[in-house]
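Hi everyone, thanks for coming. Please have the sequence and the model open while I talk, and stop me whenever a word is new.

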Amino acid sequence: MASDAIVVGGGVIGLTSAIVLAESGRRVAVWSRDPVGATTSAVAGGLWWPYRVEPEEKVGAWSLRTLGVLTELAGRPGETGVRMVDGTLAGMRLEDLGPWAAEVPGMRAARREELPEGWGHGLRVRVPVVDMATYLGYLGRRLEAAGGTVERRVVADLGEAAREAPAVVNCTGLGARELVSDRGVAPVQGQLVVVENVGFDEWFVAADPDSAADTLYVLPQPYGLVLGGTAREGVWDLTPDPATAEAIVARCALAVGPRLADARVIGHRVGLRPARSPVRLEAATVPGGGRLVHNYGHGGAGVTVSWGCAEAAAGLLSSC
């Protein structure tokens, strides 16, 4: 066989899983239905934060491992697309978070003067913000340097991969719904607006427990400000809605600063987060006896847990 392992899925979870395997000495091929730049990962906002992902008892370790890797990569932002950025999470207290929060360097309660009008409490922390286009390019180059390959290929059955490699890692996200008949994975639609940066160098996120379908965040990226957003469960539509875009800009302007209302719009994005409760990270077998590890269903936290999950998947593969 030409490969020791085939990773099905070319988003951030698939590429990271492939890198961990390739850098351990395996011959790895990634099969991806879409170009890397057209995956769901490519339209992600890019903030490190454990958002809408389970199980809680494992997410902390996955996230902290990824935080460590991204923090190191932030030393080369031009190459990797990763930067360390200060920001505010309004409406959240330290006690609202899991034990993992105590291990995030520098996270503290926000002072009153650090919060926008109308918010009584929040958190301040410096965490990675990832320019996904640059980061996915970096991951592709890193995989190639480790001897891995990426191939555009539509997979109808994991048995196809098992016939060409003794081990398969399923990182297909929403595609697992059909590929392995897992109806537990479903879309959570996210729409965002990219505007010209009108003077913001910190990120802002507001936690609003009364609004599950709408979110509020402002993320500075090299190409502009990413304003969000939505979190609409079960919605498959990838078409930006003009009324929703206007509402996103209005929410962000009200919370963060009125000058956002007049910022020039650069673009609109819609992505489908592959949500599953919990993440499916487990060993199985392909029909015919091949080794298989599932690694999908990370919702809006794919970037946040990617390296922790990739290493866990590699461990499962080795123990099969």
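Let's begin in the core: of the 68 residues in the largest nonpolar core, Y135 and W203 touch the most other members. A nonpolar core here is a set of buried Ala, Val, Leu, Ile, Met, Phe, Trp, Tyr and Cys residues joined through side-chain atoms within 4.5 Å. Buried means under 20% relative accessible area, exposed means over 50%, and partly exposed lies in between, with a 1.4 Å probe and protein chains only.

A quick word on where this comes from. This is a predicted model, where local features need pLDDT of at least 70 and side-chain atom pairs count only at pLDDT 80 or more, while totals for chains, interfaces and linings use all residues. Residues are numbered from 1 along each chain as its sequence is written, and side-chain values use heavy atoms, with hydrogens and water left out.

Back to W203. Leaving aside neighbours within four places in sequence, W203 is in contact with a list of residues including L47, V85, V125, V218 and P220; contact means heavy atoms within 4.5 Å. There is also a second, separate core of 18 residues, and V218 is one of its members, along with V195, I248 and A255. In soluble globular proteins, nonpolar side chains tend to be buried together.

Now find Y135, which is one of the buried residues of helix α4, as are M132, L136, Y138, L139 and L143. Seen down the axis of α4, these buried residues fall within an arc of 155°, so they line one face of the helix. That arc is taken from the directions from the helix axis to the C-beta atoms. And who sits on the face turned away? The exposed residues A133, E144 and A145 are there. The helix covers residues 132–145 and reaches 20 Å from its first C-alpha to its last, close to the 20 Å expected at 1.5 Å a residue. The expected span is 1.5 Å times one less than the number of residues. Helices (H or I, at least four residues) and strands (E, at least two) are DSSP runs, numbered from the N terminus.

On to the strands. Strand β10, residues 214–221, has seven of its eight residues buried. It runs antiparallel to β9, joined by three bridges, and F204 stands opposite V218 in β10. β10 is also antiparallel to β11, with six bridges between them, and a hairpin joins the two through two residues. Two strands count as paired if DSSP finds at least two bridges between them.

Last stop: β14, residues 290–298, where you will find H294. Eight of the nine residues of β14 are buried, so the strand is largely enclosed by the rest of the structure. β14 pairs with β7 in the parallel sense over four bridges, and with β13 in the antiparallel sense over eight bridges.

Is H294 itself buried or exposed? H294 is buried, with a relative accessible area of 3%. Which side chains does the side chain of H294 meet in polar contacts? One is that of N170, at 3.0 Å, and another is that of R280, at 3.5 Å. A polar contact is a pair of N or O atoms within 3.5 Å; within protein, one must be able to donate a hydrogen and the other to accept it, and residues adjacent in sequence count only if both atoms are side-chain atoms.

That's my tour, so over to you for questions!
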